[in-house]
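Hello,

Here is the structure I promised to pass on. Have a look at it first, and my notes follow below.

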Amino acid sequence: MGLNYKKLGMFCLTMFFGLVIQAQNGVKSVEVDQEGVMRYTQTGKEVHGFGVNYTAPFAHAFRSSQKMGLDIQKEIQKDVYYFKRLGFDLYRIHVWDTEISDSLGNLLESPQLEAFDFLIAELKRNQIHYVLTPIAFWGDGWPEPDGDTPGFSHKYGKGNCLINPDAIAAQENYLEQFLNHKNKFTGLAYKNDPDLLAVEISNEPHHRGEPKQVADFVEKMVKAVRKSGFQNPVFYNVSHAVQYMENYFQAGID
């Protein structure tokens, strides 16, 4: 039976565009149902996780490994081995954006980002999921003084990051680039990693001012995340300014 090359060509073209669309839109492995419960999209089972907040790729922990002459990747491998033995199946971190971005929110290929990529790959290899908070607002110092880091958080500070138009634009830029970043060890952009169950936009934002201004800010952050193509839930920390809770939900968080 002869090949219909026209149909074959159309099929290949359809498959190609399907792959392109999937790459642009990211992977949806988790959703939030009408009752507010996180569920895996394939099985419908509720997402359960127990784990740890671990900071070896960044700040004081990263510097300490350098001072001690340790190979940070080998140390991460050791730690993740014990996480697995302890039965952890979830990892969370507030990323030190100030070490991996510039003042305009462009992602920088820094040693810290490489170490973080390696950590994500090790967690994935050990069947440990992750929830990431891309923006911490913090300096890199504690318990030492902050260094002169290149990021927008260092330039503007946490308070101004919530209201300054240039700082807001930098965060929008950063969030989109962060989720489009391809992990050099897994080959996956973060948005395409099914083990990235959710993104919490920033760590403990303490909003002030008019409710509409707050809602507009949160909406811009959510849109920046979604613009990358990320499909899984987007969270926002509401505990530090609960008076704006309804405004947060109106801004499109999950």
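Asn247 touches Pro211 and Ala215, leaving aside residues up to four places away in sequence (contact means heavy atoms within 4.5 Å). Asn247 sits in helix H9, residues 245–250 (helices are DSSP runs of H or I with at least four residues, numbered from the N terminus). With 14% relative accessibility, Asn247 counts as buried, the cut-off being under 20% relative accessible area with a 1.4 Å probe, protein chains only.

Please bear in mind that this is a predicted model, where local features need pLDDT of at least 70 and side-chain atom pairs count only at pLDDT 80 or more, while totals for chains, interfaces and linings use all residues. Residues are numbered from 1 along each chain as its sequence is written, and side-chain values use heavy atoms, with hydrogens and water left out.

Tyr248 touches His207, Val214, Val218, Tyr236, Asn237, Val238, Ala241 and Ile253, again not counting residues up to four places away in sequence. Tyr248 is also among the residues that touch the most other members of the largest nonpolar core, which has 59 residues; the others are Tyr91, Phe116, Phe178 and Val218. (A nonpolar core is a set of buried Ala, Val, Leu, Ile, Met, Phe, Trp, Tyr and Cys residues joined through side-chain atoms within 4.5 Å.) Another core, of 6 residues, lies apart from it and includes Val30, Met38, Val47 and Leu197.

Happy browsing, and best wishes

Conventions:
Helix = DSSP H or I, 4+ residues; strand = E, 2+ residues; numbered from the N terminus. Buried < 20%, exposed > 50% of the residue type's maximum accessible area, 1.4 Å probe, protein only.
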